[in-house]
Amino acid sequence: MRITAGRRARLAGLLGALMLFGLLTAPPARAAGQLEEAIAALAGGETVWVAEDYQDADPQLVELLRARYERADTTFRIAFVTEEIGEDGAAAQQLAAAIGEPGVYMVHSETRNPTSDTPDRSEQRTTVGISLGEWDLFDEEMARVGIGKGNILLTLPDALDDDVRPGVLALADGEDRFFVDPAVTEAFPSLDEALLESVFAEVPRLRVALVSGVSGRTEETMEALAEGLPQDGAALLLQWQDEDFSAVMATGSGVPYSISDLVSVVGSSAISSITVEEMPGRLSLLASALSETDLLTDAGERLAEQTLYVHPGTPDFDAEAAYEEALAEAATPVRVAVLPESVLALQLGDDLPWGGDDTELAAMLAEHIAWDPGTGAGDQRVVVYRVAPYNGGHIAGMSVAADEEFTRQARGTQAGGDGFMTATLDALLEVVAAPAAGAPGADGAEEERAAAETAGGGTSVTTWVALAVGAITVLTTANLLVRVLSPRRRRIQAATARSRRLARMTPEQLAKERERARIPALAARTDLERLDDVLAGLPMPRTSPSQVRALQRIRSDHERLLQAHADAVTWDDIAAIRQRAKQLNTVLDLWRKLESRPPASG
């Protein structure tokens, strides 16, 4: 912690009194366990300690917490343990006493519940010598209620130190377009200002803040960020939520799309979710939506010079150059575009054909291509693959503008599952009689391997060394995967598999899936109806306008859950809804606690 000499002198007396009071009133010492191990590590300089078997501590959240807390002026320490810590605040007080500095001290506990797949969780927090009172902290926590409102563990440092919010609000001055929280880049080096400058080079009237967390009400932050926006301008706030980044936007009156539609483009839905790995691709989707050049025009300009254009928002595909080279040598000339369906739908609206396979979209693209004068009409073939870029992605449809025979063959190239784009393009290469797409440098590597084997009269020493290193790497990687595969990543993988599985289901299979979810869906409906009864019986908040807004956000989340329940298909969908309903009940308990506090004196 960085404390000036003056500040240390002012706090010394208060801290001494508080520590003495804590020692006199603290509960009896606990038996040695995880908490004591955590305290030793945190007293030794660490900012975050996580028990090995703690399920809900996402590794990326932990990295971001460490980067944020190490940069904070106020001391922050947090321990995630898998043992009982009680309800009396003793664990957090014990941690504070061991550190012996003004700051914020938190202990989160997760213990197994023998009657549920979800562990029991509890949290403790204590503060020493900080500028915010307990009710101020509760207000900051209530400001985090709702979708896209950030994570209290990451907004508290800004609430105390005011070191992120000024950078976000400065974007309204117009001198800079982008602000990236240094803690974000420290935790995730690929997320920096250079990324934003590159992706949004063609969107000059967009302001973007990428932060760990910004304090205060998100609505007020966005109002300030949007101040002075030109009519065709927009502002984007990206901050960490629970396991990934959320997106919140503001737009000028001249932007032709709704805010919810734009958030859905970058965040996959109105309840936005953007992982670190997905961030560049998701931002490129938003850039295409807001660009002065529409997607078909941009693709047409590129296809005038090349045979293949794959939009950078296409997930899990980085071999465009190899396939472009292979298509350039095809016996049957063709131009191929892989375009995000979400952006096409936004820009074309009702003009986008939704009836499955078609020729119209490819014909529209063909009109935007400046064909070489030597290219006859019969060789002006165009294939467009419409990609749904979320949850791992899949091909949602395709369009072909060509002769009947080519169209028939091309329609059989769509592939699904992992590596769907590579499999699809491989199938298309066969249709157009093109060579296989080789990995960059493959020819040189093959020549080097052959030369080594010839010189050595068989398998070379280099090959044996490579095999040994490869075997060690496989074993090491397997071990790392077991340790690093977090609950968030498992959920992402499950969502990806679900999206692809549902896309391939027949109506009969969908009916069976709904039947499997029927009984859990009834239980979820009961949960939501019970919560609805509670919300309906609450009196009008009396403490402050912020309480009114917080209750409105809770009710808004409840409405979203009702809609999600109506749209649910699988058992996993229902389980997620019930978990979110449980979280809303916890938030509602906190709201009631705030509402019961004494009114502020006049």
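I take helices (H or I, at least four residues) and strands (E, at least two) as DSSP runs, numbered from the N terminus. On that basis I get 25 helices and 12 strands for the protein chain.

**Ground rules.** The model is predicted: local features need pLDDT of at least 70, side-chain atom pairs count only at pLDDT 80 or more, and totals for chains, interfaces and linings use all residues. Residues are numbered from 1 along each chain as its sequence is written, and side-chain values use heavy atoms, with hydrogens and water left out.

**Whole chain.** I looked up burial next (buried means under 20% relative accessible area, exposed over 50%, partly exposed in between; 1.4 Å probe, protein chains only). Of 602 residues in the protein chain, 47% count as buried. The accessible surface is about 29200 Å², by the Shrake-Rupley method with a 1.4 Å probe; for residues, only the protein chains shown count as cover. Carbon and sulfur atoms hold 52% of that surface. I then turned to contacts (heavy atoms within 4.5 Å). Taking contacts between residues at least 6 apart in sequence, 70% join residues at least 24 apart.

**Helix H12.** I picked H12, residues 279–290. From first C-alpha to last, its 12 residues reach 17 Å, close to the 16 Å expected. The expected span is 1.5 Å times one less than the number of residues. How many of its 12 residues are buried? I find 11, so H12 is mostly covered. Among them are Met279, Gly281, Arg282 and Leu290.

**H12 against H15.** Axes here are lines fitted to C-alpha atoms, for helices over the stretch in contact, and angles run from 0 to 180 degrees between N-to-C directions. H12 and H15 (residues 341–348) pack at about 15°, axes 10 Å apart. That makes the pair roughly parallel (under 35 degrees; over 145 is roughly antiparallel, 65 to 115 roughly perpendicular, the rest oblique). On the H12 side, Leu285, Ser288 and Ala289 make the contact. Val343, Leu346 and Gln347 make it on the H15 side. Leu285, Ser288 and Ala289 also figure in the buried set of H12.

**Positive phi.** Which loop holds Ser268? I place it between H11 (259–267) and H12. Phi of Ser268 is near 80°, positive in a residue other than glycine. Ser268 is partly exposed, at 28% relative accessible area. Asp162 lies in the loop between H6 (152–161) and H7 (165–169). Its phi is near 50°, again a positive value in a residue other than glycine. Asp162 counts as partly exposed because its relative accessibility is 46%.
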